[in-house]
Amino acid sequence: MDMQGSRQLAITQQQAWEALNDPEVLKLCIPGCDSIEATGENAYALVNAIKVGPVSAKFKGKLQLAEVNAPSSYTIAFEGNGGVAGFGKGNARVALNPNDEGCELAYEVNATVGGKIAQVGQRLIDGVAKSMAESFFKRFDEEMQRRFGPPPEEGAEDENKPGAIKKMWGKLTGGKAKETEA
């Protein structure tokens with residue numbers, strides 16, 4: 001299976017790089033991910049539930065980052081075993097290119113599968129892979145918006161600062177808030 005694509009991200013290249021190397025973010029964003037843990041430098045162990053047609057299994061796998069060029073690109077070598085359901089292995093090339101709107105994430109994936117999962121047919125496997133990629137990017141975009149949010153609108157930030165109500169009252173009354181004598 002070969003898949004490639006790109007996605008515009010509304011965050012900086014550095015923010016995207018840090019998020020793509022954060023196991024917590026990846027666990028939230030990878031569909032079916034039960035766990036992802038660092039096992040060494042640029043190495044991770046992953047447990048992921050995958051369903052392709054009638055075949056579903058928990059895959060235990062390994063990810064190894066290579067050709068790391070922070071914060072621009074890396075290659076991910078991956079392999080996973082789902083027991084009787086089969087196995088998957090391959091590599092992905094990920095590149096982050098800054099632009100005026102944030103950065104663009106481009107990817108190329110080459111993977112092979114074997115066992116029962118391979119018997120369901122290439123078209124179904126490709127469809128599930130594309131669906132998982134779309135789901136990942138949707139979750140990733142949502143998580144990045146939650147973490148970094150859209151830039152604050154002009155004047156909106158003042159409303160959330162401590163003392164903002166006193167400041168607004170002072171503007172409305174033409175001076176500082178006056179204390180009343182009791």
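Strand β3 (residues 43–52) and strand β4 (residues 55–69) pair in the antiparallel sense, joined by ten bridges. One link to look for is K51, whose bridge partner in β4 is S56. Strands here are DSSP runs of E with at least two residues, helices are runs of H or I with at least four residues, and both are numbered from the N terminus. Two strands count as paired if DSSP finds at least two bridges between them.

A word on the model before going further. It is predicted, so local features need pLDDT of at least 70 and side-chain atom pairs count only at pLDDT 80 or more, while totals for chains, interfaces and linings use all residues. Residues are numbered from 1 along each chain as its sequence is written, and side-chain values use heavy atoms, with hydrogens and water left out.

Now for the wider picture. The chain holds six helices and seven strands, and from the N terminus they follow one another as β-α-α-β-β-β-β-β-β-α-α-α-α. The seven strands make an open, antiparallel sheet in the order β1-β7-β6-β5-β4-β3-β2. At its edges stand β1 (2–9) and β2 (33–40); each has a single partner strand, so one side of each is left without a neighbour in the sheet. From one strand to the next, the twist averages 25°.

Angles run from 0 to 180 degrees between N-to-C directions, with axes fitted to C-alpha atoms, for helices over the stretch in contact. Contact means heavy atoms within 4.5 Å.

| Helix | Lies across | Angle |
|---|---|---|
| α1 (residues 13–20) | β1, β4, β5 (73–81), β6 (87–99) and β7 (102–114) | about 160° to β6 |
| α4 (residues 122–148) | β1, β3 and β7 | about 15° to β1 |

Leaving aside residues up to four places away in sequence, A106 touches G5, S6, R93, V94 and A95. The C-alpha atoms of A106 and Q4 are 7.7 Å apart, although 102 residues separate the two along the chain.

Across the chain's 182 residues, 32% count as buried. Of the contacts with a separation of 6 or more, 51% come from residues 24 or more positions apart.

How values were computed
Buried means under 20% relative accessible area, exposed over 50%, partly exposed in between (1.4 Å probe, protein chains only).
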